[in-house]
Amino acid sequence: MGTSSSNDGLRSRNWFARDDLDGFLHRSWLKAQGFTDRAFEGRPVIGICNSYSELVNCNAHLRDLAEAVRRGVLQAGGFPLEFPVMSLGESLMKPTTMLYRNLMAMDVEESIRAYPLDGVVLLCGCDKTVPASLMGAASANVPAILVTGGPMLNGHWRNQTLGSCTDCWRFHEELRAGRIDRAEWRDIENSISRSSGHCQTMGTASTMACVTEALGMTLAGAAAVPASDSRRKGVAESAGRKIVELIAAGVRPSDVLTRSAFENAITVLHAISGSTNGVLHLCALAGRVDVDLPLDLFDELSEKTPWLVNLKPAGQYLMEDFYYAGGLPAVMNELSSRLHLDALTVTNKTVGVNIAGAEIVNTDVIAPADRPLSERGSLVVLHGNLCPDGAVLKRSAADPKLLQHQGRAVVFDDIGDLAARVDDPDLAIDDGSVMVLKNAGPVGAPGMPEWGHLPIPAKLLRAGVTDLVRISDARMSGTSYGAVVLHIAPESAVGGPLALVRDGDLIRLDVDARTLDLMVDEAELDSRRRSWTPPAKKDERGYRRLYADRVLQADEGCDFDFLRGRSPVVEDATTYH
Ligand code: FES
């Protein structure tokens, strides 16, 4: 595509092709950067929406990728303009990036809406920057391609391969149990993050990269390319060319993000044994494009989908190995009978065309569909009187003997209570107990932090206990593992049944029956409900107040109620004056 009259319908022409004062102002101020008319006249304007930040290690290399996107845009006859958006870094941001996912999504959406952009390439990488970019682009609905920053190289320590942060949790438990010393712990800290990129396990960032590819919102084969592999820049350059083609073809996110695309994404989520956070983000994204995505659909597809990808935390390998083994196209080709192959993607081709001929190179890393790691997917959805609107558990990450379990509750009222008492030698807990954490949900925490992987009390670790049933309205890092029930809805802070649990209550988990129940009679629960009072609001002003007032519960993806759906993008530049 060049500067031909085929570009007459471009949205950006309402800014730059005007023969009036507005046109003068738009062009003249752009020329302050040294652009001549030739640079943008008649060309599609491509926004490079960059969540680069030195505060977000996973996204710190995205400026390099932006240059590769720029090359591709110029090759295809577009006019690239890079702009920053808020960035969300898992390791440094407190109390949790999830609190700010919706804020970043608003930043992405409104930046696209307000500026003269004909299309965007979204650069992101860390856990929440990917769904936030998708959600914002979906609501703005101008042509968009997402490019993730790619995973880090494998970590190495004393002949062991390390993945963040599965091996952080594992070795921290070794440290607490006294099986490694402080010097070794420090050495592991220096060995686990060897390159730029996001966490290299099948944690949330890798999961969302794969889910994005399955949705059709990034280029085929893009999810697993390591951040420091030269081919990652090749993906970015290709996306720069492709976005110009998508504009000409008129392909928008609403053409890609169909019900079929979401079913493909859920199937892939199960086959890769992806993060539980993927459920939340897919529910939120579906709400942006009016696709009905009940939690039970995740469970239904889990029963029909084999687990194929052998990556930590549920399996053995890391994203670098996954790339060399064939990556997501090989997985999707194995699953082809279960996918909607006619779904359109941002390659401007269907899923079926994208994955045709993709082969597994290493069957230890990607199991063939006729010899899966498990006949069923890893995530299950629970219901019961403790979670009337649902809860989520990753069965592949749990000790199988705990998947049918009945035990007495050991209740922690909030994260402070947990931190104060979990390692108390007098805590009344044993290997049959059920640990319960309250007030860790979207409103209660706020922001639903990754507190659901409650630490096993040190005295039980020293006794050799490696897993316990733990339940909460929190999330869990995608890199964590254990018999951990998450996302209980409604949450305790808004009066969900979790708020009524007391020490010593009997709790029954039956994963086969998909139930989680509090074995307390209804009359007693009624009496507790009547005496329950909501916890005091933690924030009285600002964004956090807005969050607590308008956030939806986990079964709806924790989006804001007023952000669901799309708004038309204004086409007339004079509207802004
Ligand atoms: Fe960014 Fe793990 S800290 S993906």
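**Figure legends: pocket and cavities of the predicted model**

**Figure 1. Residue classes around the largest pocket.** In this predicted model, the lining of the largest pocket comprises 22 nonpolar, 14 polar and nine charged residues. Together, 45 residues line this pocket. Its volume is about 1300 Å³.

**Figure 2. Centre and helices of the largest pocket.** The lining residues that lie nearest the centre of the largest pocket are Glu90, Cys165, Trp169, Glu450 and Ser477. At least two lining residues come from each of helix H7 (166–176), helix H8 (182–189), helix H9 (204–215) and helix H18 (415–421). Helix H7 gives the most to this lining, with five residues.

**Figure 3. The largest cavity.** Two cavities of 30 Å³ or more are present in the structure, and the largest has a volume of about 60 Å³. Its lining is formed by Glu213, Gly216, Thr218, Ala220, Gly221, Pro329, Met332, Thr345, Val351, Asn354 and Ile355. By class, five of these residues are nonpolar, five are polar and one is charged. Helix H16 (327–334) and helix H17 (351–355) each supply at least two residues of the lining. Helix H17 gives the most, with three residues.

**Figure 4. The second largest cavity.** The second largest cavity has a volume of about 30 Å³. Around this cavity lie the lining residues Val279, Leu280, Leu295, Ala391, Val392, His487, Ala554 and Asp555. Helix H13 (277–288) and strand S8 (391–394) are the elements that give two or more residues to this lining. In terms of class, the lining of the second largest cavity has six nonpolar residues, one polar residue and one charged residue.

Figure 5. The protein contains 21 helices and 14 strands. Its C-alpha atoms fill a box of roughly 75 × 55 × 45 Å along the principal axes. For 577 residues, a compact globule would have a radius of gyration near 25 Å, and the 24 Å of the protein therefore agrees with such a globule. Of the 577 residues, 61% count as buried. Among contacts in the protein with a separation of 6 or more, 75% are between residues 24 or more positions apart. The accessible surface comes to about 21400 Å², and carbon and sulfur atoms account for 49% of this area.

Key: Residues numbered from 1 in each chain as written. Predicted model: local features only at pLDDT ≥ 70, side-chain atom pairs only at ≥ 80, totals over all residues. Heavy atoms only, no water. 1 Å grid on protein atoms, 1.4 Å probe; cavity = no way out; pocket = protein on both sides within 12 Å on 5 of 7 lines; lining within 4 Å. Points joined across faces, edges and corners; volume = space filled by probe spheres on them. Helix = DSSP H or I, 4+ residues; strand = E, 2+ residues; numbered from the N terminus. Nonpolar A, V, L, I, M, F, W, Y, C, P; charged D, E, K, R; others polar. Rg over C-alpha atoms; globule rule 2.2 N^0.38 Å. Buried < 20%, exposed > 50% of the residue type's maximum accessible area, 1.4 Å probe, protein only. Contact = heavy atoms within 4.5 Å. Areas by Shrake-Rupley, 256 points an atom, 1.4 Å probe, with all protein chains shown as cover.
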